[in-house]
Amino acid sequence: MTLKPHILELVAVYRREESSDTRGPRFKELALALEGEMKAAHVTEQMLLDCFGPPDLFDDEVFVYHFDHEQPGRNNYEWYFPFKNGKLSNSGYNACGINDLSELKKGSEFQ
């Protein structure tokens, strides 16, 4: 499955205004759209990678991206994308530091 036009538009805005080092409100808009899409169709790991690039933290079952609701690059929050059988199964965020993520690999190790 490919990304729908409205999501591709959000990807373009995200790439124009933010990046993997400065995720903020555009990241949040795109993440929420993918969360909505997850309920209607399958969202795969590859789709997330196509939208955001490699995660900041990961394992075989979850990608975590740092972002901020208001100021890109402040990284006060973590957005979780859990997968089951390679498809997005849930989505959500919380403040950084609430969960112990020490078992996750760093994005620099992502291949």
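Trainee: Which residues does Asp56 touch, not counting residues up to four places away in sequence?

Mentor: Asp56 touches Arg23, Val64, Tyr65, His66, Lys105, Lys106 and Gly107, with residues up to four places away in sequence not counted. To touch here is to have heavy atoms within 4.5 Å. Keep in mind that this is a predicted model.

Trainee: Where does Asp56 lie?

Mentor: Asp56 is in the loop that runs between helix H3 (45-52) and strand S1 (57-59).

Trainee: Why does Asp56 count as partly exposed?

Mentor: Its relative accessibility is 23%. Buried needs under 20% and exposed needs over 50%, so Asp56, at 23%, counts as partly exposed.

Trainee: What lies 2.6 Å from a polar atom of the side chain of Asp56?

Mentor: The backbone nitrogen of His66 does. A polar contact needs N or O atoms within 3.5 Å, and the 2.6 Å between His66 nitrogen and the Asp56 side chain is within that limit.

Trainee: What separates the C-alpha atoms of Asp56 and Glu78?

Mentor: They are 9.3 Å apart, for two residues 22 apart along the chain.

Trainee: Why does His69 count as buried?

Mentor: His69 has 17% relative accessibility. The cut-off for buried is under 20%, so His69 counts as buried. This residue sits in the loop between strand S2 (62-67) and strand S3 (77-84).

Trainee: Which residues is His69 in contact with, leaving aside its neighbours within four places in sequence?

Mentor: Pro25, Lys28, Tyr77 and Tyr93. With Lys28 there is also a side-chain polar contact, at 3.2 Å.

Trainee: What is the phi of Asn75, and what of Asn85?

Mentor: Asn75 has phi near 55°, positive in a residue other than glycine. Asn85 also has a positive phi, of about 55°, and is not a glycine. Asn75 belongs to the loop between S2 and S3, Asn85 to the loop between S3 and strand S4 (87-88).

Trainee: Why is Asn85 called exposed?

Mentor: Asn85 has a relative accessible area of 73%; exposed means over 50%, so the term applies to Asn85. Asn75 has 30%, which falls between the two limits, so Asn75 is partly exposed.

Trainee: Which residues are buried in H3?

Mentor: Met47, Leu48, Leu49, Cys51 and Phe52. Their cover includes helix H1 (5-17), helix H2 (25-40), S2 and S3. Just after H3 comes Gly53, with a positive phi of about 85°.

Trainee: How many helices and strands does the chain have?

Mentor: Three helices and six strands. From the N terminus on, their order is α-α-α-β-β-β-β-β-β.

Trainee: Why is the chain called as compact as a globular protein of that length?

Mentor: The radius of gyration is 13 Å and the globule rule gives 13 Å for 111 residues, so the chain is as compact as a globular protein of that length. Of those 111 residues, 41% count as buried.

Trainee: How many positive and negative side chains does the chain have?

Mentor: There are 12 positive and 19 negative side chains, and the centres of the two sets are 4 Å apart.

Definitions and conventions
Residues are numbered from 1 along each chain as its sequence is written. This is a predicted model: local features need pLDDT of at least 70, side-chain atom pairs count only at pLDDT 80 or more; totals for chains, interfaces and linings use all residues. Side-chain values use heavy atoms; hydrogens and water are left out. Helices (H or I, at least four residues) and strands (E, at least two) are DSSP runs, numbered from the N terminus. The radius of gyration is taken over C-alpha atoms; the globule rule is 2.2 Å times the number of residues to the power 0.38. Buried means under 20% relative accessible area, exposed over 50%, partly exposed in between (1.4 Å probe, protein chains only). Lys and Arg count as positive and Asp and Glu as negative; His and the chain ends are not counted. The place of a charge is taken as NZ of Lys, CZ of Arg, CG of Asp or CD of Glu. A polar contact is a pair of N or O atoms within 3.5 Å; within protein, one must be able to donate a hydrogen and the other to accept it, and residues adjacent in sequence count only if both atoms are side-chain atoms.
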